[in-house]
Amino acid sequence: MKKKDILKIVLLLIFPVIFNIFFYVIGGTQHNTSVWISYVFVHIAYLSLIIAPKLISQGKSQAVFGFTLYAVTTVYFIIAFVIAVLFILIAPEKHTAALLLQLLLTAIYIAVFISNIMFNERTATAEEARQVEIAYVKDAAAKLKELKAGINDRNTKKAVERVYDSVYSSPVKSHPSLSQLESDILQSIDRLASLSFTANPDDIINLAKDIENMANERNSQLKMLN
């Protein structure tokens, strides 16, 4: 086990160890039900603090996701801890209030926590889709830019520049139904790059026109879909 992991475990154990020392040294082992209920919920609330970071959605906004979930969990822990300590100190004979308060608080926390996770998952999915959409324009434009830089023939270079302008100015927003067409465009650009080393200018110009038509067709379909 790495030193970092050991230190992390030690840090996580500080609260439960100190809490249990105070609990048993000051109060002993003989307690009524309300106190034991409070004792258990303190540990449940603390456990939620440990588990919460592991449920954070991955994505561009991961820091925001983490802050929100951890803030919700921290508030839950503080409230649960304060309520539990009050019941431990008062130690009422009836345990109903201690149980119901903690159950209600935990239920509210779980509902808010799950709602945040669901929202974060949707946001992360949308971000991932956005990155895929941007990748089509970014990758295609980058390949065409590199390709036209290596072409010396004037007419051929103009044909590739028209394709580049068409792709570069394309909307980054996409649609699932256009994925195949976008894939075909990217594959055709790869073919265009390989042709530039072996084929005559006319073949390159014809393929460039085909790619330009496909790019324009993609943009036209996208307008209709949106």
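# A guided reading of a helical chain

Buried residues make up 34% of the 226 residues in the chain. The model is a predicted one, and the values given here are computed from its atoms. The secondary structure consists of seven helices and zero strands. Read from the N terminus on, the order of elements is therefore simply α-α-α-α-α-α-α.

The reading may begin with helix H1, which covers residues 3-27. Val 10 has its place in this helix. Its relative accessibility is 46%, and because that value falls between the limits of 20% and 50%, Val 10 counts as partly exposed. Val 10 also belongs to a nonpolar surface patch of about 1,200 Å². The members of this patch include Ile 6, Ile 9, Leu 13, Ile 14, Val 17, Phe 22 and Ile 26.

A surface patch of another kind carries positive charge. It is formed by Lys 2, Lys 4, Lys 8 and Lys 54. Of these residues, Lys 54 is placed in the loop between helix H2 (33-51) and helix H3 (62-90). With a relative accessibility of 66%, Lys 54 counts as exposed, because the limit for that class is over 50%.

The next loop to consider is the one between H3 and H4, where Ala 91 lies. Ala 91 is partly exposed, with a relative accessibility of 28%.

Helix H4 spans residues 96-149. Leu 101 has its place in this helix and is partly exposed at 39% relative accessibility. Leu 101 can be considered together with Ala 80: the two are 21 residues apart in sequence, and their C-alpha atoms are 8.9 Å apart in space.

Is Val 167 buried or exposed? Its relative accessible area is 0%, so it is buried, the limit being under 20%. Between Val 167 and Ile 211 there are 44 residues along the chain, counted as their separation in sequence, while their C-alpha atoms are separated by 9.3 Å.

Contacts between charged side chains complete the picture. How many salt bridges does the chain contain? The count comes to three.

One of them is formed by the side chains of Lys 143 and Asp 190, at a distance of 3.1 Å from N to O. Lys 143 lies in helix H4 and Asp 190 in helix H6, so this pair ties together parts of the chain that are 47 residues apart in sequence. Both partners are partly exposed: Lys 143 has a relative accessible area of 33%, and Asp 190 has one of 40%.

Another salt bridge joins the side chains of Glu 212 and Arg 162, with an N to O distance of 3.8 Å. Because Glu 212 lies in helix H7 (residues 201-225) and Arg 162 in helix H5, the pair ties together parts that are 50 residues apart in sequence. The two partners fall into separate classes of accessibility. Glu 212 counts as buried at 18%, whereas Arg 162 counts as partly exposed at 39%.

The remaining salt bridge to be described is that between Arg 218 and Glu 182, whose side chains meet at 3.0 Å, N to O. This pair links distant parts of the chain, with Arg 218 in helix H7 and Glu 182 in helix H6, 36 residues apart. Helix H6 covers residues 179-198. The side chains of Glu 182 and Arg 218 are also joined by a polar contact of 3.0 Å.

Notes
Residues are numbered from 1 along each chain as its sequence is written. This is a predicted model: local features need pLDDT of at least 70, side-chain atom pairs count only at pLDDT 80 or more; totals for chains, interfaces and linings use all residues. Side-chain values use heavy atoms; hydrogens and water are left out. Helices (H or I, at least four residues) and strands (E, at least two) are DSSP runs, numbered from the N terminus. A polar contact is a pair of N or O atoms within 3.5 Å; within protein, one must be able to donate a hydrogen and the other to accept it, and residues adjacent in sequence count only if both atoms are side-chain atoms. Patches are made of residues with over 30% relative accessible area and no salt bridge: like charges are joined within 9 Å, nonpolar side chains (Val, Leu, Ile, Met, Phe, Trp, Tyr) within 5 Å. Accessible areas come from the Shrake-Rupley method with a 1.4 Å probe; for residues, only the protein chains shown count as cover. A salt bridge is a side-chain nitrogen of Lys or Arg within 4 Å of a carboxyl oxygen of Asp or Glu. Lys and Arg count as positive and Asp and Glu as negative; His and the chain ends are not counted. The place of a charge is taken as NZ of Lys, CZ of Arg, CG of Asp or CD of Glu. Buried means under 20% relative accessible area, exposed over 50%, partly exposed in between (1.4 Å probe, protein chains only).
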